[in-house]
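Subject: Structure for you to look at

Hello,

Here is the structure I promised to pass on, with my notes below it.

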Amino acid sequence: MATEVDLSEYIIAPDPGAARLTRAVEGVDQNGEVSRISVVEERPLTIFLNSQEIVTAMTIGDYPEYLALGFLRNQGMLRPDDEITRVDYDDDLETVVVRTARETSYEDKLKKKTRTSGCAVGTVFGDMMEGLEGVRLPQVQVRTSWLYDLAAKINRTPSLYLQAGAIHGTVLCRESRPLVYMEDVGRHNAVDKIAGWMLSEGETAGDKILYTTGRLTSEMVIKTAMMGIPVLASRSGFTAWGVEIAREVGLTLIGRMRGQRFVCLSGEDRLLRDVDPATVPVEDRKHRRKSANGS
């Protein structure tokens with residue numbers, strides 16, 4: 001298996017060496033020796049929709065505009081036909097203000113919060129199932145060769161996940177090509193950045209695959225379905241409610257993707273098994289993601 005990844009395939013790739021994303025910290029290891037490691041930064045970002053403060057998210061701090069747009073879109077606070085007039089980010093105040101031509105007020109929606117299972121304590125406002133009624137995703141065929149290719153490429157892509165851990169990655173893909181790779185301390189933030197990029201660029205969803213390093217929970221399934229993406233894949237496992245919702249909306253749900261193995265719990269009839277798993281190379285331990293060890 002090749003050890004290098006052609007990053008030119010990506011529109012946005014991780015930049016683990018970017019300033020402010022990590023910090024070197026000294027500790028003591030099991031032998032009492034000083035150990036210096038790189039740890040991921042966390043900082044608050046307060047999101048406003050017009051004049052209303054919506055939420056303060058803990059994030060690594062990159063792509064704040066995409067995070068704000070995606071969060072508001074995935075919460076149903078930005079409508080598909082909304083005209084976004086400006087997005088203003090203030091680094092000193094750690095705020096993003098999204099401005100729309102439409103007047104907005106979500107006092108009632110903000111009163112109803114659901115804490116999700118997402119790392120960094122995700123929050124969903126209003127009814128978690130609101131907006132899913134009537135959603136039926138495109139019934140697209142998925143080649144298993146795409147899944148194996150994507151897993152191999154993504155696992156070998158330099159990232160904060162591989163460098164420092166304690167972080168989740170989410171990748172927007174088309175067939176076997178990874179397009180946009182976002183990372184954050186919470187998988188919900190990483191997905192929202194993807195959603196924000198898609199909204200900003202007017203990117204279509206019906207031909208995409210969403211790959212995540214995190215668990216396939218109800219929140220992940222709902223956000224993927226709300227974005228209109230028909231395939232969700234992960235190295236990690238499933239929750240029962242996530243599987244139920246995926247089957248209800250027609251989402252192809254694939255988990256436990258490690259090396260030659262995977263499990264499909266929704267949309268198996270849409271899989272085209274065009275490669276023999278025995279011919280797929282075993283993961284190189286050097287590039288094996290931390291979740292492969294059960295974390």
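Predicted model: local features only at pLDDT ≥ 70, side-chain atom pairs only at ≥ 80, totals over all residues.

Strand S10 (residues 168–174) and strand S12 (residues 209–212) are antiparallel partners, joined over four bridges.

Is Ala 233 buried or exposed? Its relative accessible area is 1%, and under 20% counts as buried, so Ala 233 is buried. Leaving aside neighbours within four places in sequence, Ala 233 is in contact with Leu 210, Tyr 211, Thr 212, Ile 254 and Met 257. For a distance to check on screen, Ala 233 and Val 263 are 9.6 Å apart in space, C-alpha to C-alpha, and 30 residues apart in sequence.

Next, the helices. H6 (residues 218–227) is mostly covered, with ten of its ten residues buried. The buried residues include charged ones such as Glu 219 and Lys 223 as well as Met 220, Val 221 and Ile 222. What covers them? The cover includes H1, H5, S12, S13, H7 and S14. Just after H6, Gly 228 takes a positive phi of about 85°.

How do H5 and H6 lie relative to each other? Helix H5 (residues 187–201) packs against H6 at an angle of about 5°, and their axes are 11 Å apart. Angles under 35 degrees count as roughly parallel, and the two helices are therefore roughly parallel to each other. On the H5 side the contact is made by Arg 187, His 188, Val 191, Asp 192, Ile 194, Ala 195 and Met 198, and on the H6 side by Glu 219, Met 220, Lys 223 and Met 227. Sorted by class, that contact has six nonpolar, one polar and four charged residues.

Asp 192 deserves a separate stop. This residue of helix H5 is buried, with a relative accessible area of 1%. The side chains of Asp 192 and Asn 74 are joined by a polar contact of 2.7 Å. Not counting residues up to four places away in sequence, Asp 192 touches Tyr 66, Leu 67, Gly 70, Phe 71, Asn 74 and Lys 223.

Asn 74 leads on to helix H1 (residues 64–74), which packs on another sheet and touches strand S3 (43–49), S4, S5 and S6; the direction of H1 makes about 55° with that of S3. That sheet is open, with four strands in the order S4-S3-S6-S5 and mixed pairing. Its edge strands are strand S4 (52–59) and strand S5 (84–90), each of which pairs on one side only. Here the twist averages 15° from one strand to the next.

S5 and strand S6 (residues 95–100) run antiparallel and are joined by six bridges. Among the facing pairs, Ile 84 stands opposite Thr 100 in S6, and Arg 86 stands opposite Arg 99 in S6. The two strands form a hairpin with four residues between them, and Glu 94 in the turn has a positive phi of about 55°.

For the overall picture, the protein chain has seven helices and 16 strands. Of its 295 residues, 52% are buried. Among contacts between residues at least 6 apart in sequence, 56% join residues at least 24 apart.

Happy to go through any of this with you.

Best wishes

Technical notes: Residues numbered from 1 in each chain as written. Heavy atoms only, no water. Axes fitted to C-alpha atoms, helices over the stretch in contact; angles between N-to-C directions. Parallel < 35°, antiparallel > 145°, perpendicular 65-115°, else oblique. Contact = heavy atoms within 4.5 Å. Buried < 20%, exposed > 50% of the residue type's maximum accessible area, 1.4 Å probe, protein only. Polar contact = N/O pair within 3.5 Å; in protein donor to acceptor, adjacent residues only side chain to side chain. Pairing = 2+ DSSP bridges.
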